[in-house]
Amino acid sequence: MTRDPITRGFTLVEMLLVISLIALLIALLLPALQKSKSSARAAVCLVNLRQLHTAQQLYADEYFGKVKPLSHALGGYWHHALARYLGDSNYHLNPNQGQWKQEPLKVFACPEALNDPVGGFGTADRVWHWGGGGQGGYGANLWLFTRYNEYDFDFRFPRKHFFSSFMDVDRTSSVPLFGDSNWVGSWPDSVDTVPPSLHLGWAVHEIGYFMGRFSITRHDRSVQLVFVDSSARRVPLAELWQQRWHRGFAPVEKTVP
């Protein structure tokens, strides 16, 4: 008479060893998965910026090479004007309904900054909320925009620094158009200081601080910019001071802690 073989189960030590190995594998894989997700979000961000450039190009083609004139009127800012070229012709009439979460205006926000606004200025991971209507995660280089008469006699915004036309900007590969920002627009200058918090950036409307609106660590101590020539790329924060933001911009070396 034969006996059935005795089935041997796992001991407690063996089970703990297997669990430990699984935990170790997860710990090793998580950074790679997070990096992969971050890379995917960065790729979407670049696509968004290129779409904004295309919309701006269409606007300029229609308005004799100009960009949207700077206006603080309700429904009168650049994101309102470009919305119709992105597929929403009614956005400027009612821009406070969270359209940045929906198609086709998801392009107004970087996938790394999808948290709801809590005030005016945004952060590295939160969209801004503009008082004239609308939310988003990108800011415009306002040196490319037609001067607003409010600034005609304001020494902070010298007339000679503004580009006269979107179509005739020289060295276009170094002139930013849109980029990751904690505010809807800015007038960066080489004299501007680095903000103490790279998560918050500067939330100050004064000379010496405007670059700080773009100085946020949204993409691993970098932001992404689209330039007038339609090229788009990641730019380390220290290199923001190397771009040609306005006609008289003098690049400087800057240390970002």
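This is a predicted model: local features need pLDDT of at least 70, side-chain atom pairs count only at pLDDT 80 or more; totals for chains, interfaces and linings use all residues.
1. H2 itself is mostly covered, with 8 of its 9 residues buried. The buried set is Trp 78, His 79, His 80, Ala 81, Leu 82, Ala 83, Tyr 85 and Leu 86.

2. Lys 68 is buried but has no salt bridge. The nearest side chain of opposite charge belongs to Glu 62, and that is 13 Å away. What Lys 68 does have is the backbone oxygen of Gly 76, 2.9 Å from a polar atom of its side chain.

3. On to the charged pairs. The count comes to 5 salt bridges. One of them joins Glu 112 and Arg 41, with the closest N and O atoms 3.2 Å apart. Glu 112 is in the loop between H2 and S1 while Arg 41 is in helix H1, so this pair ties together parts that are 71 residues apart in sequence. Glu 112 is buried, at 17% relative accessible area, whereas Arg 41 counts as partly exposed at 26%.

4. Lys 101 and Asp 116 also form a salt bridge, their closest N and O atoms being 2.8 Å apart. Both residues are in the loop between H2 and S1, 15 residues apart. Lys 101 is partly exposed at 44% relative accessible area, and Asp 116 counts as partly exposed too, at 38%.

5. Then there's Asp 180 with Arg 218, a salt bridge at 3.2 Å, N to O. Asp 180 belongs to strand S4 (residues 176–180) and Arg 218 to the loop between strand S5 (185–186) and strand S6 (222–227), so the pair ties together parts 38 residues apart in sequence. Asp 180 counts as buried at 0% relative accessibility, and Arg 218 counts as buried at 5%.

6. Lys 101 turns up again in the lining of the largest pocket, along with residues including Val 44, Asn 48, Trp 100, Cys 110 and Leu 114. That pocket holds about 150 Å³ of space. Its lining residues split into 7 nonpolar, 2 polar and 3 charged.

7. Last one: Pro 117, in the loop between H2 and strand S1 (128–129). Its C-alpha is 6.0 Å from that of His 129, although the two residues are 12 apart in sequence. Pro 117 counts as partly exposed, at 27% relative accessibility.

Conventions
Residues are numbered from 1 along each chain as its sequence is written. Side-chain values use heavy atoms; hydrogens and water are left out. On a 1 Å grid over the protein atoms alone, a cavity is a set of points where a 1.4 Å probe fits but cannot get out, and a pocket is an open set with protein on both sides within 12 Å along at least five of seven lines; lining residues have an atom within 4 Å of a point. Grid points are joined across faces, edges and corners, and a volume is the space filled by probe spheres set on the points. Ala, Val, Leu, Ile, Met, Phe, Trp, Tyr, Cys and Pro count as nonpolar, Asp, Glu, Lys and Arg as charged, and the others, Gly among them, as polar. Buried means under 20% relative accessible area, exposed over 50%, partly exposed in between (1.4 Å probe, protein chains only). Lys and Arg count as positive and Asp and Glu as negative; His and the chain ends are not counted. A salt bridge is a side-chain nitrogen of Lys or Arg within 4 Å of a carboxyl oxygen of Asp or Glu. A polar contact is a pair of N or O atoms within 3.5 Å; within protein, one must be able to donate a hydrogen and the other to accept it, and residues adjacent in sequence count only if both atoms are side-chain atoms. Helices (H or I, at least four residues) and strands (E, at least two) are DSSP runs, numbered from the N terminus.
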